[in-house]
Amino acid sequence: MQEAAWQVSLVLMLLITFGVIYVAINSHKREEEYGPLVKRAYGFRTKLFWAVALVFLPAMVFNLMDLPYDSPRAAGTGPAQVINVNAHMWYWEMDRDQVEAGQPVEIRVTSADVNHGFGIYDPNLRLIAQAQAMPGYTNVIRHTFKNEGTYRVLCMEYCGVAHHNMMTEIKVGKS
Ligand code: CUA
């Protein structure tokens with residue numbers, strides 16, 4: 001997989017290099033000297049630009065709005081339910097694993113040994129919030145769980161041989 005990705009990147013890099021060389025060689029030409037092919041290419045480039053601007057940019061903004069780092073919007077109001085998290089190789093120590101839906105939760109994340117990544121996934125395994133678990137620091141996640149269910153916590157930072165086993169759960173119940 002990684003090998004294939006590397007080969008594809010290599011081909012793309014070569015294409016870009018040829019493109020840059022082509023442009024550099026032809027950079028002295030005036031617009032009137034362009035052949036019909038080049039003119040068509042420029043027309044296509046303009047269309048491509050507008051396609052990207054009109055279709056992909058709004059789509060990107062739409063996707064970015066929903067990312068977990070948008071914490072003020074996700075935070076809500078009211079007294080927070082606090083979960084203290086201490087990461088260890090290779091388990092999560094949490095003083096609480098049950099919270100209520102619709103109420104803000106404050107998760108204070110730190111580590112007892114090395115850097116870990118505290119990632120919360122909803123029941124469909126979609127990432128909804130995350131923070132770095134670092135020794136000597138406490139990083140805070142403020143999140144209001146909208147829906148009940150069992151949320152999974154996975155380690156998001158490679159931290160040694162049993163990194164993949166570093167999982168736990170947060171149960172979100174009715175408020
Ligand atoms: Cu802890 Cu990976």
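**Salt bridges, a sheet and a bent helix**

Okay, so this structure holds three salt bridges, counting a side-chain nitrogen of Lys or Arg within 4 Å of a carboxyl oxygen of Asp or Glu. Before you ask, this is a predicted model, where local features need pLDDT of at least 70, side-chain atom pairs count only at pLDDT 80 or more, and totals for chains, interfaces and linings use all residues. Residues are numbered from 1 along each chain as its sequence is written, and side-chain values use heavy atoms, with hydrogens and water left out.

Which residues form a network? Glu106, Arg108 and Arg142 are linked by salt bridges. Arg108 meets Glu106 at 2.8 Å, N to O, and Arg142 meets Glu106 at 3.5 Å, N to O. Strands here are DSSP runs of E, at least two residues, and helices are runs of H or I, at least four, numbered from the N terminus.

Buried or exposed? Glu106 counts as buried at 13% relative accessibility, while Arg142 is partly exposed at 46%. Buried is under 20% relative accessible area, exposed is over 50%, and partly exposed is in between, with a 1.4 Å probe and protein chains only.

Now the sheet. Five strands form an open, mixed sheet in the order S3-S9-S8-S5-S6, where pairing takes at least two DSSP bridges between two strands. The edge strands are S3 (98-100) and S6 (127-133).

Last, helix H2 bends by about 30° at Phe56, with Pro58 following within four residues. That bend is the angle between axes fitted to the seven residues ending there and the seven starting there.
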